[in-house]
Amino acid sequence: MARKHYRIGIMFSTTGSYSVVARSMLNGALLAFQENAEADGAVTLEPVVVNPSGDLERYRALSLELLGAGIRQVLGCYTSSSRKEVIPCFEKFDGLLWYPSHYEGFESSDNVIYTGASPNQHVLPLVEYLASRVGTRAFCVGSNYIWAWENNRIFREALTARGGAVVAERYLSVGDTEFDQVISAILEQRPDFVFNNLIGTSAYAFFRDFRAACRARGIDQVNEIPVASCTLSEPELAEIGDEAIDGHLSSSVYFSSLESPANAAFIAAYAKAFPGGPVSSADAEASYIAVKLLAAALEQAGTDDARAVRAAVASQSLLAPQGEVRIDPQTYHAWLTPRIARSTLNGQFEVLLEARSPIAPDPYLVQSSPRFASAMRSPVLRVVQS
């Protein structure tokens with residue numbers, strides 16, 4: 001019996017200020033396409049790759065181009081602003097966007113499948129860790145768009161519920177690398193930690209400049225004013241550089257250092273397929289997961305019709321590199337396993353805490369928001385390394 005063939009759009013900004021992560025996302029997706037081609041399944045997938053180069057207007061134009069060419073399933077977008085830009089296109093022309101990035105939540109669309117972490121799977125565990133083990137006074141920095149605005153809002157509410165406070169917030173344009181005033185303000189306030197929501201080249205410059213400024217003043221930055229993020233991943237550590245690569249805290253559902261047969265196989269296959277890098281990341285794994293789930297849903301649905309595929313994916317599960325993953329049939333976000341890790345000099349992360357099992361996505365924080373609860377309810381993490 002002939003295998004059904006489907007063209008799948010792939011839309012990542014592999015050039016521009018956040019291209020390092022986007023290229024790892026593309027790699028994760030292409031690895032899953034390669035494995036699909038080598039498998040004896042009922043469907044074959046053909047990737048149609050486009051590059052918006054970080055331009056929001058290009059995201060919209062390319063989405064319309066893909067949908068106009070009859071492609072019904074598209075994997076893409078890293079930033080929340082790009083996702084927000086294209087969702088109306090998918091809703092108007094009844095396509096399905098597979099969004100493989102951690103994000104700030106407070107969104108639901110019948111035309112989106114979310115395989116990245118929701119705020120209860122990355123922000124709330126990080127607040128719990130920081131408030132209990134690091135301190136309660138935060139200084140928030142971020143790129144000036146919806147991801148940082150909303151993530152800082154959630155973080156501030158959660159930290160306040162724990163008796164903490166955000167002493168200041170600063171925002172810079174995506175790609176901005178001038179941090180003298182921000183760093184001076186941080187050192188004047190001397191918070192217990194910095195919560196970082198900068199992305200791409202802005203984040204890399206901040207890590208370098210902040211470490212250098214602390215070192216010049218005799219401050220042990222790692223131990224006295226650590227930087228915590230929900231975005232920092234392995235390919236970005238190399239971009240920061242050896243002088244400031246270590247000691248950064250990251251909250252994520254995947255790190256390439258995880259020890260499991262599934263992850264070992266994924267890392268080996270990824271390294272073989274893409275020896276020139278960038279190395280894998282949480283977002284690369286989320287892209288890999290998305291393609292795997294999409295292939296299974298297409299096989300079950302027998303069509304690439306958006307509504308049929310959406311219905312089919314709700315019954316799919318996957319043993320992913322991070323562990324078991326499945327799509328929640330009410331929110332169409334993924335069940336994922338939260339983890340807290342710290343970067344090391346070898347460009348990896350050592351996992352400090354992790355959840356015992358995948359937890360349900362709560363994109364609107366109706367089950368865990370401190371705004372509506374007397375105490376924050378976040379995933380219970382077990383200590384992996386102190």
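## Helix α7

Helix α7 spans residues 200–216, 17 residues in total. From its first C-alpha to its last it reaches 25 Å, close to the 24 Å expected at 1.5 Å a residue. The model is a predicted one.

An α-helix has 3.6 residues a turn, so residues three or four places apart point the same way. Just after α7 comes Gly218, with a positive phi of about 75°.

## The parallel sheet

Five strands build an open sheet. Their order is β2-β1-β3-β4-β5, and they pair in parallel. The edges belong to β2 (43–50) and β5 (112–114). Each of these two has a single partner strand, so one side of each lacks a neighbour in the sheet. On average, neighbouring strands of this sheet are turned by 25° against each other, direction ignored.

Strand β1 covers residues 4–11 and runs parallel to β2, joined to it by eight bridges. Met11 stands opposite Val50 of β2.

## Helices across the sheet

Two helices that lie across these strands are α2 and α11. Helix α2, residues 56–68, lies across β1, β2 and β3 (73–76). Its direction is at about 170° to β1. Angles over 145 degrees count as roughly antiparallel, so α2, at about 170° to β1, falls in that class.

Helix α11, residues 282–301, lies across β1, β2, β3 and β4 (96–99). It runs at about 135° to β2.

## Packing of α4 and α5

Helix α4 (residues 119–133) packs with helix α5 (residues 146–161). The angle is about 45°, and the axes are 10 Å apart. That makes α4 oblique to α5. The crossing of α4 and α5 is right-handed.

Which residues of α4 and α5 meet? From α4 come Pro119, His122, Val123, Leu124, Val127, Leu130 and Ala131. From α5 come Trp147, Asn151, Ile154, Phe155, Ala158 and Leu159.

## Backbone features in loops

A cis peptide bond links Gly277 to Pro278, with omega about -5°. Pro278 sits in the loop between α10 (261–273) and α11.

Ser53 is not a glycine, yet it has a positive phi of about 60°. Ser53 lies in the loop between β2 and α2. Its relative accessible area is 38%, which makes Ser53 partly exposed. Arg190 also has a positive phi, near 50°, in a residue other than glycine. Arg190 belongs to the loop between α6 (180–189) and β8 (193–197). At 37% relative accessibility, Arg190 counts as partly exposed.

## Strand β14 and its partners

Strand β14 runs from residue 339 to 343. Four of its five residues are buried, so β14 is largely enclosed by the rest of the structure. Strand β10 (residues 249–252) runs antiparallel to β14, and four bridges join them. Ser252 stands opposite Arg339 of β14.

Strand β15 (residues 349–355) also pairs with β14 in the antiparallel sense, over five bridges. Here Ser343 stands opposite Phe349 of β15. The hairpin of β14 and β15 has five residues between the strands. In this hairpin, Gly347 takes a positive phi near 80°.

Pro261 lies in helix α10. Is Pro261 buried or exposed? Pro261 is exposed, with a relative accessible area of 71%. The C-alpha atoms of Pro261 and Pro321 are 8.2 Å apart, although 60 residues separate them along the chain.

Arg310 lies in helix α12 (residues 306–313). At 17% relative accessibility, Arg310 counts as buried; the cut-off for buried is under 20%. Not counting residues up to four places away in sequence, Arg310 touches Leu96, Ser109, Asp110, Ile113 and Tyr332.

Notes
Residues numbered from 1 in each chain as written. Predicted model: local features only at pLDDT ≥ 70, side-chain atom pairs only at ≥ 80, totals over all residues. Heavy atoms only, no water. Expected span 1.5 Å × (residues − 1). Pairing = 2+ DSSP bridges. Axes fitted to C-alpha atoms, helices over the stretch in contact; angles between N-to-C directions. Contact = heavy atoms within 4.5 Å. Parallel < 35°, antiparallel > 145°, perpendicular 65-115°, else oblique. Left-handed = near helix turned anticlockwise from the far one by under 90°. Buried < 20%, exposed > 50% of the residue type's maximum accessible area, 1.4 Å probe, protein only.
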